[in-house]
Amino acid sequence: RTFLMAAAVLHGCIMKRTVFSDDFLVKAQLLPSQPRKNSQPKSGSKASETTQSLPEALALLYQAITDRTCWQLQQYMALVRMFLEVAHASHMTAVVHAVALKASMASMRAAAAHVQEVLREAQAGDDGGAWLVDIFCEEWEQHKAGLLHLPEFFTDPRRLIPPEGRGSGRRSSLQRYGLVAAQHAVRSLFLCRRLVRGLQCPRQEAPSEPGQPSPQWLRFSDEPSPLQLDEASRPIEGSQMDLNGRSSIGCSFTSAKASSAQRMQRHLVLDPAWLVLADTENANEAVVTTVWPIWQVQSLIDRSDPRTLQIGMNAPKPGMKPGEAVAYNPPISTYFTLTLNFTDLKACNEAAVHLQTRRLAIRSQMLQQVATFVERCKGGTSADHEAPVALESVSVSTGF
């Protein structure tokens, strides 16, 4: 915390030079000395020797950015913001910017190596690390937001209080795998990668006054997730579906929309990529009523009635509702439930096995994408990702 406050003083002196002159800041080793015009480098000089001209205070700031494991995530986010603003300052030399990029690359590689360790440990678990997909997706959406506002950060003293060590409210069954440690590792990697990409953007100084346009490296990121999946085969709710050649299982559920408890008859279509419920109109035609990605579906046979299948569906963000499912915590909810009843134990078990098998298979494929993404980061690559994977092409055997 003391170092963070010192970094804030350094940031303020460099970004808002209204009190001290540039000569004073150079002598105080807060600003780099500007190269003389028409000056030529000495023959035989090495690139590593140019780093010796880096001011001591900046060198300490650059060293701190590589020591990401020593920081709380909120504090490290503030440090990343200050680091980018200092590196993009108009009066910073090319040497300072190059050293900043080198330090950021080293931090990204170290963070990627840490995530690889987390991934290997998770994959050794009972479900092959399928839970890590949720952390990766949620952290990716969070990191896309614009970098935090420094004045707001430093005016809230709670930002400097050590965390209590709690997770983000997920199910306790995930805690045994080191959920908090996995979140920290993945978020650190995303922060370091964003830092690298921000330094690779065209140099543009941060706005000095509110209302001024923000540079590209400071804005909300619209970069697609490295785990994006091809949804071209997704059925559309309300559309007609031809059941010829498709396997399905008859089931029913109690409609929450009806004024009185009413049993609704449906068919669970055994699609390889989607949970699909359809209302059968005739022998071969049906109307799709509910569609949701299987990898975001959890199913559990009810112990009190083995003909009943309890289904939970996760939504990536509020406002997305899967058809006839019921919100778990309305009005704003990202978790939905549905209770399906089958005529016998065999049908219920078949449905449960299908949903669980396909969920693990697709999540296993997504974990391979995670591994590829992390390996690219470890190699120093922060470029765009590979093409999305077609969900229906995922083999069942990849889930085991």
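Visitor: How many residues lie between E7 and E8 in the hairpin that they form?

Guide: This is a predicted model, in which local features need pLDDT of at least 70 and side-chain atom pairs count only at pLDDT 80 or more, while totals for chains, interfaces and linings use all residues. Residues are numbered from 1 along each chain as its sequence is written, and side-chain values use heavy atoms, with hydrogens and water left out. Strands (E, at least two residues) and helices (H or I, at least four) are DSSP runs numbered from the N terminus. The number of residues between E7 and E8 in the hairpin is six.

Visitor: How many bridges join strand E7 to strand E8?

Guide: Two strands pair if DSSP finds at least two bridges between them. Strand E7 covers residues 297–301 and strand E8 residues 308–314, and the two run antiparallel. Within this pairing, Gln298 stands opposite Gly312 in E8. The number of bridges joining E7 to E8 is five.

Visitor: Is Gln296 buried or exposed?

Guide: Gln296 belongs to the loop between strand E6 (285–293) and E7. Leaving aside neighbours within four places in sequence, Gln296 is in contact (heavy atoms within 4.5 Å) with Gly312, Met313, Asn314, Pro316, Arg359 and Arg363. Buried means under 20% relative accessible area, exposed over 50%, and partly exposed in between, with a 1.4 Å probe and protein chains only. Since the relative accessible area of Gln296 is 10%, the residue is buried.

Visitor: Why is the pair of Phe136 and Phe190 edge-to-face?

Guide: The structure holds six aromatic pairs. Rings of Phe, Tyr and Trp (its six-membered ring) pair if their centres lie within 6.5 Å; planes under 30 degrees apart count as stacked, over 60 as edge-to-face and the rest as tilted. For Phe136 and Phe190 the centres are 5.0 Å apart, and the pair is edge-to-face because the planes stand at 80 degrees.

Visitor: How many residues apart in sequence are the parts that Phe136 and Phe190 tie together?

Guide: Phe136 counts as buried at 2% relative accessibility, and Phe190 counts as buried at 1%. Phe136 lies in helix H6 and Phe190 in helix H8, so the parts tied together are 54 residues apart in sequence.

Visitor: Which residues form one aromatic cluster?

Guide: The rings of Trp140 and Phe190 also make an edge-to-face pair, with centres 5.2 Å apart and planes at 85 degrees. Both Trp140 and Phe190 are buried. The residues of the cluster are Phe136, Trp140, Phe190 and Phe373.

Visitor: Which cysteine sulfur is nearest to that of Cys377?

Guide: A disulfide is a pair of cysteine sulfur atoms within 2.5 Å, and the structure holds zero disulfides. Cys377 is in no disulfide; at a distance of 9.6 Å, the nearest cysteine sulfur is that of Cys192.

Visitor: Which residues are linked with Arg193 in a network of salt bridges?

Guide: A salt bridge is a side-chain nitrogen of Lys or Arg within 4 Å of a carboxyl oxygen of Asp or Glu, and the structure holds ten. One of them joins Arg197 to Glu223, the closest N and O atoms being 3.8 Å apart. Arg197 lies in helix H8 and Glu223 in the loop between H8 and strand E1 (229–230), so the pair ties together parts that are 26 residues apart in sequence. The residues linked with Arg193 in the network are Arg197 and Glu223.
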